[in-house]
Amino acid sequence: MTDTAAGFLTQEAYDRLKAELDQLSGEGRIEIARKIEEAREEGDLKENGGYHAAREEQGKMEARIRQLTELLHNAVIGETPADNGVVEPGMLVTVEMFGDEETFLLGNREIADGSELQVFSEKSAMGAAINGKTVGETASYQAPNGKTIEVKILAAKPYTG
């Protein structure tokens, strides 16, 4: 759905993610190193569940640090878009597709901050096709299976979280 390597982020989302990165790469790394060292002191590492759990936690944390570093490095920071009916990153978009209505956020999933809202990158096939279109316009794009999909823009409102 979204490209985690790049995309539009609001300033608020960027600041929140930067704070998370700073915490993980500072206090987070110190804490996990302490947990690993304490588990090591318990003895045989082959059968030490605490050690293996701490190492797994460290791996997940380092993966998130890499993800955040790349995301923040490549992000396009912008303000919440104007409420002018033009589809652009940061908008909650409602489209008609296959006779059904679907609402999603155009941008990066990190803007939605853990909500259940569906998110499409502006770099995805559909996102690129509708980006810049206005309410009432129709756009089409090619799906991965080769079929052409047509979508009609029904609404485009700034996402306010």
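Helices (H or I, at least four residues) and strands (E, at least two) are DSSP runs, numbered from the N terminus. The model is a predicted one, in which local features need pLDDT of at least 70 and side-chain atom pairs count only at pLDDT 80 or more, while totals for chains, interfaces and linings use all residues. Residues are numbered from 1 along each chain as its sequence is written, and side-chain values use heavy atoms, with hydrogens and water left out.

## Overall form

The chain has three helices and seven strands. Their order along the sequence is β-α-α-β-β-β-β-α-β-β. Along the principal axes, the C-alpha atoms fill a box of roughly 65 × 35 × 25 Å. The radius of gyration is 21 Å, whereas a compact globule of 161 residues would have one near 15 Å. This radius is taken over C-alpha atoms, and the globule rule is 2.2 Å times the number of residues to the power 0.38.

The accessible surface of the chain is about 9,100 Å², and carbon and sulfur atoms account for 48% of that area. Accessible areas come from the Shrake-Rupley method with a 1.4 Å probe; for residues, only the protein chains shown count as cover. A residue is buried under 20% relative accessible area, exposed over 50%, and partly exposed in between (1.4 Å probe, protein chains only). Of the 161 residues, 37% count as buried.

Contact means heavy atoms within 4.5 Å. Among contacts between residues at least 6 apart in sequence, 58% join residues at least 24 apart.

## The sheet

Strands of a sheet pair through backbone hydrogen bonds, either parallel or antiparallel. Here two strands count as paired if DSSP finds at least two bridges between them. Five strands form an open sheet with mixed pairing, in the order 5-4-3-7-6. At its edges are strand 5 (119-120) and strand 6 (138-142), each of which pairs on one side only.

Strand 3 and strand 7 (residues 148-158) run antiparallel and are joined by seven bridges. One of the links concerns valine 93, whose bridge partner in strand 7 is alanine 156. Leucine 92 also belongs to strand 3 (residues 91-97). Because its relative accessibility is 26%, leucine 92 counts as partly exposed. Beyond its neighbours within four places in sequence, leucine 92 is in contact with residues including Thr103, Leu117, Ala155 and Tyr159. The C-alpha atoms of leucine 92 and lysine 157 are 5.2 Å apart, although 65 residues separate the two along the chain.

Strand 6 pairs with strand 7 in the antiparallel sense over five bridges. Threonine 138 has lysine 152 in strand 7 as its bridge partner.

## Nonpolar cores

A nonpolar core is a set of buried Ala, Val, Leu, Ile, Met, Phe, Trp, Tyr and Cys residues joined through side-chain atoms within 4.5 Å. The largest core has 21 residues, of which Leu9, Leu17 and Ile111 touch the most other members. Strand 1 (7-10), helix 1 (11-40) and helix 2 (49-74) are the elements that give two or more residues to this core. A second, separate core of 18 residues includes Met97, Leu106, Phe120 and Val151.

## Salt bridges

Side chains of opposite charge can pair when their charged atoms come close. A salt bridge is a side-chain nitrogen of Lys or Arg within 4 Å of a carboxyl oxygen of Asp or Glu. By this rule there are eight salt bridges. The table lists some of them.

| Pair | N to O distance |
|---|---|
| Arginine 64 and glutamate 20 | 2.9 Å |
| Glutamate 38 and arginine 34 | 2.5 Å |
| Glutamate 56 and lysine 60 | 3.3 Å |

Arginine 64 lies in helix 2 and glutamate 20 in helix 1, so this pair ties together parts that are 44 residues apart in sequence. Glutamate 56 and lysine 60 are four residues apart in helix 2, so about one helical turn separates them. Lysine 60 is exposed, with a relative accessible area of 55%. Glutamate 38 and arginine 34 both lie in helix 1, four residues apart. Salt bridges that share partners join Glu31, Arg34 and Glu38 into one network.
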